[in-house]
Amino acid sequence: MRLVVTGREGQVAASLLEAGRRRAGVEVIAIGRPELDLARPDMVIEAIAAAKPDIVVSAAAYTAVDQAEDEPDLAFAVNAVGAGKVAEAASRLGVPVIHLSTDYVFDGSKDSAYVETDATAPASAYGASKLAGEQAVAAASPHHLILRTAWVYSPFGKNFVKTMLRLAADRDEIAVVADQWGNPTSALDVADAILHAAAQLNDGKSFAGIYHLAGTGEANWSGFARHILDTSRVSGGPWARVRDIATIDYPTKARRPANSRLSSAKFASAFGWDAPDWRKSTETVVRRLLIDGTK
Ligand SMILES: NC(=O)c1ccc[n+]([C@@H]2O[C@H](COP(=O)([O-])OP(=O)(O)OC[C@H]3O[C@@H](n4cnc5c(N)ncnc54)[C@H](OP(=O)(O)O)[C@@H]3O)[C@@H](O)[C@H]2O)c1
């Protein structure tokens, strides 16, 4: 089974490349800029066809949530038009596409975990561009799996876990938002889930639709930070005190949902795969980062 993933250096792409190296019968190829630029839709079909996928994983995206408020056209070009072209490329080749989307398609007003049938209402340009991407993917390919994930961290790329460890190395106290709730999700787990689902798609099973796929258990950002730093301390790494602050005390350009918890029950029952508890997965990534470094 040959998976072609978009975005070479991204957290999910890098995690899939690593997971693919460990699995017999699975080959993962990553394609990214310059040969695949999602902002240049004219080059997408050819670049994907040249990689000869059995399954396309559409993980590349414009992910700078705050910057997207200043350049919404670019965010839409990449996350909506570009994602649609990736799905069209897969469809033309007659292969399934697994597309990554986000919890930020929701506005956060629900007081429990979101399910796939809940109404979307993105509060940011990034969220709106990703929602438009879901619609473009679904329109371009009947054989699509849209996986909404959330709060992604990993040993790769830029993420919250790396930021906390870096800050703790030269501060005694870190102020972290305590009134936004979600599901911290390891990209290593997302990669595992994608390979699990891809094997079933490759066997011809059809599961078209939207699925939530996030770490088990919920947290707010400050609780997540405390667990990262406590794990670091017991493993001999840096530690700092975490001070709870409110979203209003940490203004950002993009509005983020107060609650973006996702229920992943539909994915678990369709594919027989459950995410580990976020605390366990966080411990795995923190320990790796303490050995490998946070650069
Ligand atoms: N990170 C999160 O917390 C989170 C949460 C929910 C959903 N998601 C979704 O999950 C997916 C994977 O996220 P991630 O954390 O792995 O993302 P990431 O680490 O930010 O990586 C994004 C990747 O997209 C590539 N990219 C950006 N613009 C591109 C363009 N115009 N053409 C081609 N490639 C381009 C980047 O390439 P360069 O290396 O060249 O910059 C990078 O490899 C994305 O669809 C994201 O929207 C992420």
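Helix α1 covers residues 11-22, and in this predicted model its 12 residues reach 17 Å from the first C-alpha to the last, close to the 16 Å expected at 1.5 Å a residue. Most of α1 is covered, with nine of the 12 residues buried. Those buried residues are Q11, V12, A13, A14, S15, L16, E18, A19 and G20.

The buried set is A187, L188, D189, V190, A191, A193, I194, L195, A197, A198, Q200 and L201.

| Helix | Residues | Number of residues | Reach, first to last C-alpha | Expected reach |
|---|---|---|---|---|
| α1 | 11-22 | 12 residues | 17 Å | 16 Å |

The axes of α7 (residues 221-234) and α9 (residues 278-292) come within 9 Å and cross at roughly 50°. At that angle, α7 and α9 are oblique to each other, and their crossing is right-handed. On the α7 side, the contact is made by G223, F224, H227, I228, T231 and S232, while α9 brings W278, R279, T282, E283, V286, R287 and L290. Sorted by class, this contact has five nonpolar, five polar and three charged residues.

Next, two single residues. T149 sits in strand β5, which runs over residues 144-149. Is T149 buried or exposed? With a relative accessible area of 6%, under the 20% cut-off, T149 is buried. Beyond its neighbours within four places in sequence, T149 is in contact with L100, S101, T102, D103, T185, V190, L213, A214 and L262. One of these, V190, is also among the buried residues of α6.

G217 lies in the loop between β10 (209-212) and β11 (219-220). Its relative accessible area is 29%, so G217 is partly exposed. Leaving out neighbours within four places in sequence, G217 is in contact with G182, N183 and W278. The C-alpha atoms of G217 and N183 are separated by 6.3 Å, although these residues are 34 residues apart along the chain. W278, another contact of G217, also takes part in the contact of α9 with α7.

Key
Residues are numbered from 1 along each chain as its sequence is written. This is a predicted model: local features need pLDDT of at least 70, side-chain atom pairs count only at pLDDT 80 or more; totals for chains, interfaces and linings use all residues. Side-chain values use heavy atoms; hydrogens and water are left out. Helices (H or I, at least four residues) and strands (E, at least two) are DSSP runs, numbered from the N terminus. The expected span of a helix is 1.5 Å times one less than its number of residues. Buried means under 20% relative accessible area, exposed over 50%, partly exposed in between (1.4 Å probe, protein chains only). Contact means heavy atoms within 4.5 Å. Axes are lines fitted to C-alpha atoms, for helices over the stretch in contact, and angles run from 0 to 180 degrees between N-to-C directions. Angles under 35 degrees count as roughly parallel, over 145 as roughly antiparallel, 65 to 115 as roughly perpendicular and the rest as oblique. A crossing is left-handed if the near helix is turned anticlockwise from the far one by less than a right angle, and right-handed if clockwise. Ala, Val, Leu, Ile, Met, Phe, Trp, Tyr, Cys and Pro count as nonpolar, Asp, Glu, Lys and Arg as charged, and the others, Gly among them, as polar.
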